[in-house]
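Biologist: I would like to learn how to read this model feature by feature. Where do we start?

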Amino acid sequence: MGDTRRMRRRLEEAEQDEGVDLISRLPDALLDEIVSLLPTRDGARTQVLSSRWRHLWRSAPLNFDLEHRPIPVPEVTRILSSHQGPGRRFCHPAYPDHSDRSAAAAALDGWLGCPALAGLQDLVLRWGFMRYDPAPLPVHRVASTLRAAAFDTCDFPDGVTGALRFPVLEQLTLSFATISESSLHALLAGCPVLQSLVLAFNRGFNRLRFVSPCLRSIGVHAGWSRYKLLQLVIEDAPCLERLLFLEDAPDKGLEIAVISAPRLGILGKLSDTSPILKFDTTEFQGSHLVHSVTVLALTNTNLSLDVIINFMRRFPCLEKLYIKASLAGGKNTWRRKYKDLIGTLDIRIKKIVFINYRGGNTSHVNFAKFFLLNARALESMILKLDNANPSRACIETHHRSLLQIKNKASRCAQVEFVYGIYPRWRIYDHVEQAHELSTGDPFVDFRYLI
């Protein structure tokens, strides 16, 4: 009886509150946070809601992000001059009009020096096809507070990067930039707490050697033509956990040498032929074992069980394997070929994701069956079908007849068929992948593999 009365009272109170602006009852600090998460123009429009909201946008942390909605340069100046700050994010994209780009470059120094961007944490500058020198004056105005910075199509002349200091910068992206190896080293030396770095399509250096006490993630796109990166040497990186290649198939001319990275656990995407890998100055095909790697992503054009077994031998502690197959490959028969190996090979893999799996292809079926019948630690096998939508009967037949699920080596192994069209990756998606350190596995999102 008492519960019924309390429920009736709550309903009556709700009816009385209907039409009342409950959001405005929230404290200013929480409203500031809500406004700061809105797109720039929408945040500014909240001033017309009521007199209570009029001051909120001007004092809320500014999230000035015009990635997909560029506005004229005079309006940018007007918005920044009307805001009291502090600034959280300033992202200004490339302008379609050349005169706007020139005006924006000229105005940048004033923008970064205005009170609205005091305490700025995240800076993104993309200048389209107009090269621009971001150093030393404009960027140094906010360098002391930046935690993330991205420079796209910018020039870094020799001799100026040494003057830049980013004492709290944790994420850095350089894409389509012009910078020499010595200037890049000088820039990185000014980032004492840098945790993640992305280098994509840059020019000015063909070889790069890393020594970093705090870097945890490196994302690389070798680039194209005569500007492409040819050699990457990880000389000493005690905290490095991820080495990611941001292209669908790494360039065959790229050589990676990992001399000292004891915590390197995530590697990919690799192909069966590229890049050329060396660990502790030993060629990948040699006898040196790398026990730290537990997650591996491959784009295996011609699906080959021989190649995968070679990877497992070199990475004996491998737990997660992601494979994207473009072609069918050989038959991948293994019962006779690996009869002696099966008893001695310790397969510790717990999860396998197979992109572009074709259930009617003998090569693909034999490949999946090898792990189902021999991987005792296997917990999950996800087979991403090539835009097919199989019936339940078809899946059951596949389980029973082709994959021989009843004979699986691991009792807890689950096989899941997934299908559907996933969006193609963009370079900026992979930038996010390299910088997102809160997830333990950067390949759980299929779009980074498709």
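Biologist: Which residues are linked in a network of salt bridges?

Modeller: A salt bridge is a side-chain nitrogen of Lys or Arg within 4 Å of a carboxyl oxygen of Asp or Glu. Here Arg216, Glu241 and Arg263 form such a network. The model is predicted: local features need pLDDT of at least 70, side-chain atom pairs count only at pLDDT 80 or more, and totals for chains, interfaces and linings use all residues. Residues are numbered from 1 along each chain as its sequence is written, and side-chain values use heavy atoms, with hydrogens and water left out.

Biologist: How many salt bridges does a search of the whole structure find?

Modeller: The search gives 9. One of them joins the side chains of Glu75 and Arg78, at 3.9 Å, N to O.

Biologist: Where do Glu75 and Arg78 lie?

Modeller: First the general idea. An α-helix has 3.6 residues a turn, so residues three or four places apart point the same way. Now the case: Glu75 and Arg78 sit in helix α5 (residues 73-82), 3 residues apart, about one turn of the helix. Helices (H or I, at least four residues) and strands (E, at least two) are DSSP runs, numbered from the N terminus.

Biologist: Which parts does the salt bridge between Glu255 and Lys278 tie together?

Modeller: Their side chains meet at 3.6 Å, N to O. Glu255 is in strand β13 (residues 255-258) and Lys278 in strand β15 (residues 276-279), so the pair ties together parts 23 residues apart in sequence.

Biologist: And what does Lys320 form a salt bridge with?

Modeller: Its partner is Asp441, with the closest N and O atoms 3.5 Å apart. This pair links distant parts of the chain, 121 residues apart: Lys320 is in strand β18 (residues 320-327), Asp441 in the segment after α13 (427-435).

Biologist: Is Asp441 buried or exposed?

Modeller: Buried means under 20% relative accessible area, exposed over 50%, partly exposed in between (1.4 Å probe, protein chains only). Asp441 has 4% relative accessibility, so it counts as buried. Lys320 is partly exposed, with a relative accessible area of 28%.

Biologist: Now a helix. Which residues of α8 are buried?

Modeller: In helix α8 (residues 181-189) they are Ser183, Leu184, Leu187 and Leu188. They cover an arc of only 135° around the axis, so they are on the same side of α8. The arc is that of the directions from the helix axis to the C-beta atoms. Exposed Ser182 and Ala189 are on the face turned away from the buried side.

Biologist: What do the buried residues of α8 pack against?

Modeller: Contact means heavy atoms within 4.5 Å. The buried residues of α8 pack against β5 (155-156), β6 (171-175), β7 (178-179), β8 (196-200) and β9 (207-211).

Biologist: At what angle do the axes of α9 and α11 cross?

Modeller: Axes are lines fitted to C-alpha atoms, for helices over the stretch in contact, and angles run from 0 to 180 degrees between N-to-C directions. Helix α9 (residues 305-314) and helix α11 (residues 362-374) cross at roughly 35°, and their axes come within 11 Å. Leu305, Ile308, Ile309 and Met312 of α9 make the contact with Phe367, Phe370 and Phe371 of α11.

Biologist: Where does Gln121 lie?

Modeller: Gln121 is in the loop between α6 (98-112) and β3 (122-126). Beyond neighbours within four places in sequence, Gln121 is in contact with Gly87, Arg88, Thr145, Leu146, Arg147 and Ala148.
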